[in-house]
Amino acid sequence: VHHAAAVGQGKGVLNDNKSINTDSYPGGYYLRDITKPMYSQSGGAIETYTAKNKMVSPGTLLTDSDNIWNDPAAVDAHVYAGKVYDYYYTKLGRNSFDDEGGTLKSTVHYRENYGNAGWTGTQMVYGDGDGSDKYAYLSGALDVVAHEITHGVTERTADLVYEGQSGALNESWSDVFGNLIENKSDPEWLCGEDITTPNIPGDALRSMSDPTKYGDPDHMRDYVDTTEDHGGVHTNSGIPNKAFYNFVTTSGVIRDNAAKVWYRALSQYLTSNSKFIDARNATIQAATDLFGAGSTEVNAVTNAWSNVGVG
Ligand SMILES: CCCCC[C@H](S)C(=O)N[C@@H](Cc1ccccc1)C(=O)N[C@@H](C)C(=O)O
Ligand SMILES: [Zn+2]
């Protein structure tokens, strides 16, 4: 079939205008981005679908007749997936979630009143929010999109079991790359601030600089033993999240180097049943590999974990 890259226009969830990479065919446009290196290398693309509020994935590939797109949830899922692809490719040399140029598929309007987003094992899915005003469309935040795609990276590397300490590490690594890729200058290192209670500014689901602000622990002594939420994976993630915050905010440590340490730990040292102590050791080893024993980064990451009571 004849494909040609085109550029459309649309508004995102926050009513912001943005250009959209689409794929033209006789009669219209697909919401498919064929401009990435993975396309010329192996046909990989970024594709965005709608579930039409059913529990289906991927659902229907979105099309439009005039390349002016008026589904904000789809616009943001698509554009933000492109930003996440670009970050992993240019900053970390990883070619899509699987490092094999695998197509990044997003499905929006997933289920009814779904106040969440997720990684299905092969693609991202985004709910419309829970029907109250607690959430805007979940794809309207770059940190959410990066969080979900990072679950794909984790699954293809450490494959951390989504339960207990390994599950909290799984969640934390997604929050970490959500923050690194969103790369805002906000002092609080918030998670999901762009889609949490759209009518109330300044709140979020989690904080990495002060997890206790949203009731999550920031020290091993406050680890929550629970059967809820796969053993509290969204709560106990506060401890490794705080450790990462400590690391990046240590003078002499820059974000791009912190990203390399966290990515190397995930892809070379963490395994499916790693616990917090293993994450400490993995990040120290990764920093040693990259910057040498006794480096600023090694000292900073060691202190970062000690500060949260790990190691
Ligand atoms: C199997 C359980 C359901 C999947 C949970 C997904 S991976 C998840 O963690 N979603 C994020 C969405 C998000 C991401 C970044 C910032 C804000 C919100 C999440 O935190 N979900 C919360 C609501 C939760 O599941 O408790
Ligand atoms: Zn998650």
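Reply: **The ligand site and beyond**

A side-chain N or O atom of H147 lies 3.2 Å from an oxygen atom of ligand 1. That is a polar contact (a pair of N or O atoms within 3.5 Å; within protein, one must be able to donate a hydrogen and the other to accept it, and residues adjacent in sequence count only if both atoms are side-chain atoms). The model is predicted, so local features need pLDDT of at least 70, side-chain atom pairs count only at pLDDT 80 or more, totals for chains, interfaces and linings use all residues, and side-chain values use heavy atoms, with hydrogens and water left out. Residues are numbered from 1 along each chain as its sequence is written, while chains are lettered from A and ligands numbered from 1 in the order in which they are written.

Two further side chains reach oxygen atoms of ligand 1. For E171, the distance from a side-chain N or O atom is 3.1 Å. For R206, it is 2.7 Å. Alone, ligand 1 would expose 600 Å², and the protein buries 79% of that. These areas come from the Shrake-Rupley method with a 1.4 Å probe; for residues, only the protein chains shown count as cover.

Now the shell. Ligand 1 is surrounded by 14 residues, each with a heavy atom within 4 Å of the ligand. N116, A117, H151, R206 and H234 are the closest. By class, six residues of the shell are nonpolar, five polar and three charged. Here Ala, Val, Leu, Ile, Met, Phe, Trp, Tyr, Cys and Pro count as nonpolar, Asp, Glu, Lys and Arg as charged, and the others, Gly among them, as polar. Helix 3 (residues 142-155) is the top contributor, giving four residues to the shell. Helices (H or I, at least four residues) and strands (E, at least two) are DSSP runs, numbered from the N terminus.

Ligand 1 takes up the space of the largest pocket. A pocket is an open set of points on a 1 Å grid over the protein atoms alone, with protein on both sides within 12 Å along at least five of seven lines. A molecule sits in it if more than half of its atoms lie within 2 Å of its grid points.

Next, the loop between strand 9 (104-108) and strand 10 (117-119). G115 is placed there. G115 is partly exposed, at 23% relative accessible area. Buried means under 20%, exposed over 50%, partly exposed in between (1.4 Å probe, protein chains only). A136 lies in the loop between strand 11 and helix 3. A136 is buried, at 12%. From A136 to G115 the C-alpha distance is 8.7 Å, across 21 residues of chain. Strand 11 (residues 124-126) holds M124. M124 is buried, at 0%.

Last, the backbone. Most residues other than glycine have a negative phi, and most peptide bonds are trans. The S57 to P58 bond is cis, with omega near 0°. P58 belongs to the loop between strand 5 (46-50) and strand 6 (60-61). N183 has a positive phi, near 50°. N183 sits in the loop between helix 4 (164-182) and strand 12 (190-191), and is partly exposed at 47%. D229 also carries a positive phi, of about 50°. D229 is part of helix 5 (residues 229-232) and is partly exposed at 31%.

Terms used: 1 Å grid on protein atoms, 1.4 Å probe; cavity = no way out; pocket = protein on both sides within 12 Å on 5 of 7 lines; lining within 4 Å.
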